[in-house]
Amino acid sequence: MKERGKGGANTLTGLNFERKVDFLTLLGQVPGYRVEDSRRKAGHEIYYRDELVARCFRKNAFYSFLEEKRINWKPLISKKLLPDDALLVIIRDTLFIIEVKYQQVAGSVDEKLQTCDFKRKQYLKLVSSLELKVEYVYVLNDWFKDPKYKDVLDYIHSVNCHYKFNELPLRWIGLPDAKPC
């Protein structure tokens with residue numbers, strides 16, 4: 001987490017991904033935030049100062065959410081996509097697909113980064129009846145700052161997908177910055 005960020009003294013402005021870590025664990029450590037396993041609904045509920053601000057669905061929990069909303073995914077797409085984290089930010093009516101890519105050696109992640117446009121469009125098909133926007137974002141480590149990734153990073157932006165390095169700013173996804181209580 002980033003201390004002394006924008007917005008005032010000691011404001012936490014984002015989640016710092018120094019290595020591949022658990023999104024919900026990081027968020028639950030931010031002052032003012034609470035993450036609860038939803039017993040009545042799919043996924044996890046995210047509260048900020050006791051107000052429900054988001055829901056998070058991992059892997060197959062996303063399909064439980066679709067079922068909860070009476071959406072049959074099978075006629076919409078031919079194969080399940082299993083998101084690392086699908087974060088529904090309630091106030092923005094936006095579903096953020098968050099994929100953390102942490103690389104230390106060359107590997108298959110290079111080509112996976114090029115699939116964001118296809119996947120974003122598949123998620124749009126799945127939630128179009130809910131009138132949700134879909135944002136696809138990679139959280140990348142410094143490995144991807146190497147100039148050999150310039151074309152891929154340019155492509156990600158050109159197809160209306162996003163990437164952030166090491167941190168996911170809370171305000172950017174529509175969640176409140178943590179302010180001292």
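Visitor: What makes Arg55 count as buried or exposed?

Guide: Its relative accessible area is 6%. Buried means under 20%. Therefore Arg55 is buried. Keep in mind that this is a predicted model.

Visitor: Which residue forms a salt bridge with Arg55?

Guide: Glu68 does. The closest N and O atoms are 2.9 Å apart. The cut-off is 4 Å, so 2.9 Å qualifies Arg55 and Glu68 as a salt bridge.

Visitor: What parts does the pair of Arg55 and Glu68 tie together?

Guide: Arg55 lies in strand 4, and Glu68 lies in helix 2, residues 61-68. The two parts are 13 residues apart in sequence, so the pair ties them together.

Visitor: Why is Glu68 called partly exposed?

Guide: Glu68 has a relative accessible area of 25%.

Visitor: How many salt bridges does the count give?

Guide: The count comes to 10 salt bridges. Side chains of opposite charge can pair when their charged atoms come close.

Visitor: What makes Asp50 and Arg34 a salt bridge?

Guide: Their side chains meet at 2.6 Å, N to O. The limit is 4 Å, so Asp50 and Arg34 qualify. Asp50 lies in the loop between strand 3 (44-48) and strand 4 (51-57), while Arg34 lies in strand 2. The pair ties together parts that are 16 residues apart in sequence. Arg34, Glu36 and Asp50 are linked in a network of salt bridges.

Visitor: Is Asp50 buried or exposed?

Guide: Asp50 has a relative accessible area of 62%. Exposed means over 50%, so Asp50 is exposed. Its partner in the salt bridge, Arg34, has 31% and is partly exposed.

Visitor: What about Asp142 and Lys145?

Guide: They form a salt bridge, with the closest N and O atoms 3.1 Å apart. Asp142 has 45% relative accessibility. Lys145 has 49%. Exposed needs over 50%, so Asp142 counts as partly exposed, and so does Lys145.

Visitor: How do you know whether Cys116 and Cys56 are buried or exposed?

Guide: Cys116 has a relative accessible area of 0%. Cys56 also has 0%. The limit for buried is under 20%. So Cys116 is buried, and Cys56 is buried. Buried residues make up 46% of the 181 residues in the chain.

Visitor: Which strands stand at the edges of the sheet of 7 strands?

Guide: The sheet is open, with the order 2-3-4-5-6-7-8 and mixed pairing. Strand 2 (33-37) and strand 8 (162-165) each have a single partner strand, so one side of each is left without a neighbour in the sheet. That puts these two strands at the edges.

Visitor: What makes strand 7 and strand 8 a pair?

Guide: 4 bridges join them. Pairing takes at least two bridges, so strand 7 (residues 133-140) and strand 8 pair. They run parallel. Leu140 stands opposite Phe165 in strand 8. Helix 5 (residues 150-158) packs on the sheet and touches both strand 7 and strand 8.

Notes
Residues are numbered from 1 along each chain as its sequence is written. This is a predicted model: local features need pLDDT of at least 70, side-chain atom pairs count only at pLDDT 80 or more; totals for chains, interfaces and linings use all residues. Side-chain values use heavy atoms; hydrogens and water are left out. Buried means under 20% relative accessible area, exposed over 50%, partly exposed in between (1.4 Å probe, protein chains only). Contact means heavy atoms within 4.5 Å. Axes are lines fitted to C-alpha atoms, for helices over the stretch in contact, and angles run from 0 to 180 degrees between N-to-C directions.
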